[in-house]
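Work through the exercises below with the sequence and the model open. Each task is followed by a solution in steps.

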Amino acid sequence: MPQKACRVELLASTPDATSLIYAAFRQCYHAGFVGDMWPRLLAGEIAADKQAAFITKVMESGHASPIEHVSFTFAVEGVSRALTHQLVRHRIASYSQQSQRYVDGSDFDYILPPAIARIPEAKERFESFIAEIGNAYRDLKNILEANGRGEKAKEDARFVLPQAAESKIVFTMNCRSLINFFEHRCCTRAQWEIRGMANQMLDICREVLPVVFKTAGARCERLGYCPEGEKFTCGRYPLP
């Protein structure tokens, strides 16, 4: 049952994303039909920097719905069930998560919180308990199988697995949902594990589609001040 670290991989993103967003924005303000413009966009007849400048200008006005036409699909491993319980609260997204009902958890990997890892006695107690849980899972699974549960033994034995149990998940979000996700999860007040995953995702998004994500991240970075209020501010940026 080894300790695991978060790994984020981009599986897919909408092709010709900048041109697609540009076309969607233009349709909102253009009398003609952007379907006729699309071949010109794909042929590079409208310069990429012109498209990017138009997108930036319109987004700065607060108009953002056209970026919903572009999505990113990520595969993530080395995250805890505690993280995925937070992740799926972002509702405008699609999720496909490794099932504890079907995947044998006898030798489950786990996530070790840094605060626990830094204290030797805490780390020792944590890891000894993880080992106890692994033994309990295997015992329950064997007992259930011996009593006729067969393959379904895993779906009952899983009830002893901890939130620290490592999970793998594939999820898809559109750009607008991702910006909202980054605003909340890149904030220093976000839980450490999901913040680390969000920062990895943001690095990927900025590389693939900088026109949309160059200013994405915690809200304070975009605004230049902390919108969390005096009670919750981390002090990194001034209050408004």
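The model is predicted, so local features need pLDDT of at least 70 and side-chain atom pairs count only at pLDDT 80 or more, while totals for chains, interfaces and linings use all residues. Residues are numbered from 1 along each chain as its sequence is written, and side-chain values use heavy atoms, with hydrogens and water left out.

**Exercise 1.** Find the residue that UniProt lists under "active site" and describe its surroundings.

Solution. Step 1: the unreviewed UniProt entry gives Arg-185; such annotations use the numbering given here, have shortened feature names and may be inferred rather than shown by experiment. Step 2: Arg-185 belongs to helix α8, residues 175-185. Helices (H or I, at least four residues) and strands (E, at least two) are DSSP runs numbered from the N terminus. Step 3: Arg-185 counts as buried because its relative accessible area is 15%. The classes are buried (under 20%), exposed (over 50%) and partly exposed in between, with a 1.4 Å probe and protein chains only. Step 4: leaving out residues up to four places away in sequence, Arg-185 touches Gln-86, His-90, Ala-190, Ile-194, Arg-195 and Ala-198, contact being heavy atoms within 4.5 Å. Step 5: the side chains of Arg-185 and His-90 form a polar contact at 3.0 Å. A polar contact is a pair of N or O atoms within 3.5 Å; within protein, one must be able to donate a hydrogen and the other to accept it, and residues adjacent in sequence count only if both atoms are side-chain atoms.

**Exercise 2.** Is Ser-167 buried or exposed, and which side chain does its own side chain contact?

Solution. Step 1: Ser-167 sits in strand β4, residues 166-174. Step 2: Ser-167 is buried, since its relative accessibility is 1%. Step 3: its side chain makes a polar contact with that of Gln-97, at 2.9 Å.

**Exercise 3.** Which residues have the most contacts inside the largest nonpolar core?

Solution. Step 1: a nonpolar core is a set of buried Ala, Val, Leu, Ile, Met, Phe, Trp, Tyr and Cys residues joined through side-chain atoms within 4.5 Å. Step 2: the largest has 45 residues, and Phe-74, Phe-182, Met-197, Leu-209 and Phe-213 have the most contacts inside it. Step 3: helix α9 (residues 192-208) gives the largest share of this core, seven residues. Step 4: a second, separate core has eleven residues, including Phe-126 and Tyr-137.

**Exercise 4.** What is the volume of the largest pocket, and which residues lie nearest its centre?

Solution. Step 1: the volume is about 460 Å³. Step 2: 18 residues line the pocket, and Met-59, Ile-179, Val-212, Thr-215 and Arg-222 lie nearest its centre. On a 1 Å grid over the protein atoms alone, a pocket is an open set of points with protein on both sides within 12 Å along at least five of seven lines; lining residues have an atom within 4 Å of a point. Step 3: α8 gives the largest share of the lining, four residues.

Conventions
1 Å grid on protein atoms, 1.4 Å probe; cavity = no way out; pocket = protein on both sides within 12 Å on 5 of 7 lines; lining within 4 Å. Points joined across faces, edges and corners; volume = space filled by probe spheres on them.
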